[in-house]
Amino acid sequence: YIGDGLIDIPVMLESGLAIAPKNAHQPVKDVADYITEKSGGEGVLREAVEFILNEKGIYSEMLKKMEKKIYKS
């Protein structure tokens, strides 16, 4: 779950992975498992997806799959 406001805290606490952008309210960052380097609106979702894929050790595999779909003849 990605959240940046106080209203997001209850859901973040119940989620398996709580992510906050660097410009989130401090109480939100305090409960986050991961704080992005990007601010909201600057690529937070992409950074979060890359973080998850890297943590699972499948980032390179996913890139290769996407390249095959994009460049298939």
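Which residues is threonine 36 in contact with, leaving aside its neighbours within four places in sequence? I looked it up and found Ile19, Ala20, Pro21, Lys22, Val44 and Glu47, where contact means heavy atoms within 4.5 Å.

**Ground rules.** I am working with a predicted model, in which local features need pLDDT of at least 70, side-chain atom pairs count only at pLDDT 80 or more, and totals for chains, interfaces and linings use all residues. Residues are numbered from 1 along each chain as its sequence is written, and side-chain values use heavy atoms, with hydrogens and water left out.

**Threonine 36, continued.** I placed threonine 36 in the loop between strand 2 and helix 3. My elements are DSSP runs numbered from the N terminus, with helices being H or I of at least four residues and strands E of at least two. Threonine 36 is buried, at a relative accessible area of 3%; buried means under 20%, exposed over 50%, and partly exposed in between, with a 1.4 Å probe and protein chains only. I also noted that the threonine 36 side chain reaches the backbone oxygen of lysine 38 at 2.7 Å.

**Helix 3.** Next I followed the chain into helix 3, residues 44-55. Its 12 residues reach 16 Å from first C-alpha to last, close to the 16 Å expected at 1.5 Å a residue; the expected span is 1.5 Å times one less than the number of residues. I found Val44, Glu47, Ala48 and Leu53 buried in helix 3. Their cover includes strand 1 (19-20), strand 2 (34-35) and helix 4 (59-71). After helix 3 comes glycine 57, with a positive phi near 75°.

**Core.** I then turned to the largest nonpolar core, which has seven residues: Ile9, Met12, Ala18, Ala20, Ala24, Val28 and Ala32. Such a core is a set of buried Ala, Val, Leu, Ile, Met, Phe, Trp, Tyr and Cys residues joined through side-chain atoms within 4.5 Å. Beyond its neighbours within four places in sequence, alanine 18 is in contact with Tyr1, Met12, Val31, Ala32, Asp33 and Tyr34.

**Whole chain.** Stepping back, I read the pattern α-β-α-β-α-α along the sequence. The radius of gyration is 15 Å, well over the 11 Å that the globule rule gives for 73 residues, so the chain is more spread out than a compact globule. That radius is taken over C-alpha atoms, and the rule is 2.2 Å times the number of residues to the power 0.38. The C-alpha atoms fill a box of roughly 50 × 25 × 15 Å along the principal axes.

Notes. Polar contact = N/O pair within 3.5 Å; in protein donor to acceptor, adjacent residues only side chain to side chain.
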